[in-house]
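Biologist: I am new to this kind of picture and would like to learn how to read it. Could you take me through it, one feature at a time?

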Amino acid sequence: MTDKAHKIVTSLSPYIKGDQAITQMELAETVQKLAAVVDSHIGGGINAHTPVAHYQSGFMTPMLLAKLYEIAGKRTYTGGGRDIMALEPGCYYGLKFKNGPLATDDDALVTVDVSKFEDFGKQIVVIKSYTGQTYLYTEHKNSAGTNYAAPSIWTSIPRFANLWEGSLSTVGTKFTLADRIDKYTRLIFTINTNNGAVYDVTTISGGDTFKINTFQRENIGPGMNNFEVTLTISGKSGSVTKNVSDAYNVGASGPVVASNLGRVVKIVGVLE
């Protein structure tokens, strides 16, 4: 063995053990094995550093690294005007998407999650960033290739926030909500008529005066009671400004003031 070959054997020996121990007669074969290991790891020529796949080991490309970050929560920016239906599965953010749930001139920033299952369906969730309004598009094609059961348009997912709960009936009573009403598109007032009936009354959240009206049939004989509770709300602060009840009975010439009044027991904000 030459001095050069002896140096190679000496330098490699600590890393090769057992059946692969290098001897003077196996040097060429061992070098070939090492070359094969290197080639299988990094590849050669145009196949060097082959990207990882489910069927082989390999290296992570910048695109694969971006997808890994995406899974971890880092979204890909799409810019403006992209066709939302053409997005590949992934997590994005952007604005003015075509074929999305918002008007084309709505420049609000939104997040977009696209999921796809095989070739028969996908789901897209869009959330307006500054309000949290949420929209869903579902595609689920049957064996005939039609989206028969799932809505073929964007649907909104309402969110409900319990703003207040208690009992409001006395005029002048003040109360404080958990959040400002101008953040919500609708309000639901739950009113108890004091006759054991409970009703939900929905109003838009605009303005600062809310008249909550409901009625209930008389417990005995034909007739009904009308209830009205008026609340004034500004931001989080509110008060009861009116509470009346009228009774209509058969044979009476007109409504008479009733003694039982309605009580507001819950206020819910709706965002959709």
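Modeller: Gladly! Let us begin with a rule for reading sheets: two strands pair if DSSP finds at least two bridges between them. Please keep in mind that this is a predicted model.

Biologist: In which sense do S12 and S13 pair, and over how many bridges?

Modeller: The general idea is that strands of a sheet pair through backbone hydrogen bonds, either parallel or antiparallel. Here S12 and S13 pair in the antiparallel sense, over twelve bridges. A hairpin is formed by S12 and S13, with two residues between them. In that turn, glycine 235 has a positive phi of about 65°.

Biologist: Which strand is joined to S12 by nine bridges?

Modeller: That is S11, and S11 and S12 run antiparallel. You can follow the pairing residue by residue: asparagine 213 stands opposite glutamate 228 in S12. On the S13 side, valine 229 has asparagine 243 as its bridge partner.

Biologist: Which backbone oxygen does the side chain of asparagine 243 reach at 2.8 Å?

Modeller: The backbone oxygen of serine 169. Leaving aside residues up to four places away in sequence, asparagine 243 touches Ser169, Val171, Glu228, Val229, Leu261 and Gly262.

Biologist: Now another sheet. In what order do the six strands of the open sheet come?

Modeller: The order is S1-S2-S3-S4-S5-S6, with mixed pairing. Strands S1 (76-80) and S6 (155-157) stand at the edges with a single partner strand each, so one side of each is left without a neighbour in the sheet. From one strand to the next, the twist averages 25°. For a parallel case, look at S1 and S2 (residues 90-95), which pair over four bridges. There, glycine 79 stands opposite glycine 94 in S2.

Biologist: How many aromatic pairs does the structure hold?

Modeller: Five. One of them brings together tyrosine 137 and tryptophan 154: the ring centres are 5.6 Å apart and the planes are at 45°, so the pair is tilted. Tyrosine 137 belongs to strand S5 (residues 134-140) and tryptophan 154 to the loop between S5 and S6, so the pair ties together parts 17 residues apart in sequence. Tyrosine 137 and tryptophan 154 are both buried.

Biologist: What are the ring distance and plane angle for phenylalanine 189 and phenylalanine 210?

Modeller: Their centres are 5.7 Å apart and their planes are at 45°, so this pair is tilted. Phenylalanine 189 sits in strand S9 (residues 186-192) and phenylalanine 210 in strand S11 (residues 209-217), so the pair ties together parts that are 21 residues apart in sequence. Phenylalanine 189 and phenylalanine 210 are buried.

Biologist: To finish, how many helices and strands are there in the protein?

Modeller: The protein has three helices and 15 strands. Of its 272 residues, 31% count as buried. The protein exposes about 17200 Å², with carbon and sulfur atoms supplying 56% of that area.

Methods:
Residues numbered from 1 in each chain as written. Predicted model: local features only at pLDDT ≥ 70, side-chain atom pairs only at ≥ 80, totals over all residues. Heavy atoms only, no water. Polar contact = N/O pair within 3.5 Å; in protein donor to acceptor, adjacent residues only side chain to side chain. Contact = heavy atoms within 4.5 Å. Axes fitted to C-alpha atoms, helices over the stretch in contact; angles between N-to-C directions. Buried < 20%, exposed > 50% of the residue type's maximum accessible area, 1.4 Å probe, protein only. Areas by Shrake-Rupley, 256 points an atom, 1.4 Å probe, with all protein chains shown as cover. Phe/Tyr/Trp six-rings, centres within 6.5 Å; stacked < 30°, edge-to-face > 60°.
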